[in-house]
Amino acid sequence: MNGGLPCGTSCPRGGGSGFEDLRSAPVGYVRRVAAVEGEVDETRRNLLKLAAIAGLLGVGVGGAVGGALQYVRPPVVGISSYPRTQLFDVDGSPLTLAKVGGVSPTYMGEYSVATADLYLFNYPLQNEPNFLLNLYPANGLAPSPSNPGATNVPGGIGDHGSIVAYSAICQHLGCPAPALSFYPPGTCPKTFGSLSFYIHCSCHGSTYDVTNAASNLTGPAVLPLPQVVLEADASGNIYATGMTPSSPPVNGHLNTLQGDYGVGSTSQLAGESPVILCDFPT
Amino acid sequence: MEFGRWYNRNLNRIWGFIEDRTSMRRWAVRPQPEFSFKPSYWTGAFVAIAFLYQAVSGALLLLYYQPSTATNATYTPCGQPIGTLSPAPAAWCSTYYIIHSVPMGSLLLSTHLYGAYAMIFLMVVHLFRGYYLGAYKAPREFSWMVGTLLLVLTLGMGFTGYLLPYTQLSYNATNVGLVLALRLPTLGPLLGPFLLGDGTSQSLLSRMFAAHVLLLPLGIAALLYAHIALFESHGIAPPTSSDPLQRRRFTDREGKSHVPFMPHILLYLAKWGLLYLGILFGMAALWPWNLPTYVGNLSVSPGVTEPDWYFLWLFKLVDFQGVTPVIAVGAATAILLFLLFVPFLDRSKRTHPRDRPVFVWIGTSLLSFFIVMTVWGGETPGVEIAPALAVQTLAPIFLVNAVAIGLFHRRYIRTYRRRLAARDLASSGSRVPVAPRSPSSTHPRGGRP
């Protein structure tokens, strides 16, 4: 009992052992010493504690929420510029003006709904399908001054300026081909003036004028279909090189170049698909 | 006799052993009054039964379903010719596999689909039953709000589940819903990356899958727990009455004759649950679901794109000329907010529908609006509607309801006054009452005409 702890130089008051003194002191002595050295404001201390805890919690929760928000937003995949992409037929041979345009007089003229095929190709991203159409002579008659057919449509290439490509995703609410479908002449009884061929969407009934940069014939869509810029080289091979400046973004994408992997700059298969039966409400 | 006693004693010992260690009796839902054992008091339990079946059947479907858009031209479990130009994605193939190769797969998948329809239908019944009988009134406001959120999550389950078989139809309909959201100003670009991920079809499918099998069910389970816990603390809503002050209280007899959960309520619910399963399996066996063609198959027309029936009204709304995504989503949000906050809009203490003509009018109009739009959407999906025709068709709903409810209410007030006058006459003896004492005390809505 007497010994206590050796105190040495760290003893609070002079020599001897301070611990002995404390032990014999009345209960509460230590607290009173603290109180003498400076009043502690319990309210303020609690407030500070609360602030510290709230701050820590805030940082922790905020960090977790921020991290989670970042986690669910992966980097958007996409490409930085439009590739120059050559189009190929399903059998692997290059798609040429002669092939698309050459067959067209009879191709379009004989459009029997059961056998006719449409070309579809993805560009510039893998989930952005486009129609490749030859509109010459789209009304099935040879062009003449009174019957110009669909020659030299805006952006058209080939001898008659009649080969065009439009996005196959509806600009209203994003229904893709074949819900959005090209109806060749004779497929549908509905006509717009003398125009008997158009792109029509079975989702909400939007119709697009293929002879006029896919502008709207009927709503509810208010934007035209994006149009692909086509080019042909000296031997007639067809290339997709971009979208026309007046094209809106492909629907479902905030930007035509973002939202999937690019199709690559070398080649793209143009798939064929049968013409879909008329879905236009009469 | 001897055996019976032995059996009972041992059963009690086993049960006692378990009960001592778990207090399982206290887990049970509290006893309910005898009068409540009619189906109309248990519409919520039917929804819960439907949800339980969805969880079980969904977990079983998960054993085979593959949430992948990958196509494999050499391995075609869906019986598709090898080397087809546009091979089917794995999500569709695995669905095809469940239907055509897994024993009972077709039955299970069909019951999961029809069970979803049933759950949403029962939910709508539960909602409108509570709406008409004023079940959202104090003290059950939070119960109602949690229930509304449950409806939202369940519709979310419907939306996300629709994409999973990865058919052309479901893909297109999902696109429509997503583009509706993406076309919203400022909100659209903000929400886009969360809905679409990196923009690939796989990313979208993964998100829909995760939401459908885990995130939304977790939310539903949590909210359902809260919904049932609130039900537990309030007890079942007593019947409505024309008590001019508030909901009728239980009579003494009703209040005392409560039925315990074990085994009465459990057996009662089991009875309805079995009936539900019987109808569900019967329908699935008679009319198994046919899987439409897959995403990317360009050779077959998807037909007219349309969502399931519970979204048809919104789909038709988008057909209206001049209805932009902002208007369509805005209208849906407004209806939702109305439902969510109706306990704080309808402040009167009366619960009987005839004492709440305005809210009955709103509810009936909404219900008729949904029915008309759904039928219209089913008859002419994707046909553009001119504004004049839309007004001609929809305005009568609100007008006819208003007139009918108004006339009924006038008649009700007159009868009420006459009865009150007759009572006054009887009680006042020879004195002839000149007129009702004051408009406020004779009006059945207590001075708030």
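**View 1. Helix α1 of chain B, out in the open.** Of the 21 residues of α1(B), the number buried is zero, so this helix lies largely in the open. Keep in mind that this is a predicted model. Helix α1(B) runs over residues 2–22 and reaches 30 Å from its first C-alpha to its last, close to the 30 Å expected at 1.5 Å a residue. Look just past the end of α1(B) and you'll find S23(B), with a positive phi of about 50°.

**View 2. Helix α2 of chain B and what covers it.** Here we're looking at residues 43–61 of chain B, a helix of 19 residues. At 1.5 Å a residue α2(B) should span 27 Å, and its end C-alpha atoms are 27 Å apart, so the two agree.

**View 3. Strand β5 of chain A, covered on both faces.** In a regular strand, side chains alternate between the two faces of the sheet. In β5(A), residues 180–183, L180(A) and F182(A) sit on one side, S181(A) and Y183(A) on the other, and all are buried. Next to look for is β6(A), residues 198–201, which pairs with β5(A) in the antiparallel sense over four bridges.

**View 4. Chain A as a whole.** Zooming out, chain A has five helices and 12 strands. Of its 282 residues, 38% count as buried.

Technical notes: Residues numbered from 1 in each chain as written. Chains lettered and ligands numbered in written order. Predicted model: local features only at pLDDT ≥ 70, side-chain atom pairs only at ≥ 80, totals over all residues. Helix = DSSP H or I, 4+ residues; strand = E, 2+ residues; numbered from the N terminus. Buried ≥ 20, exposed ≤ 12 C-beta atoms within 10 Å, placed from the backbone. Expected span 1.5 Å × (residues − 1). Pairing = 2+ DSSP bridges.
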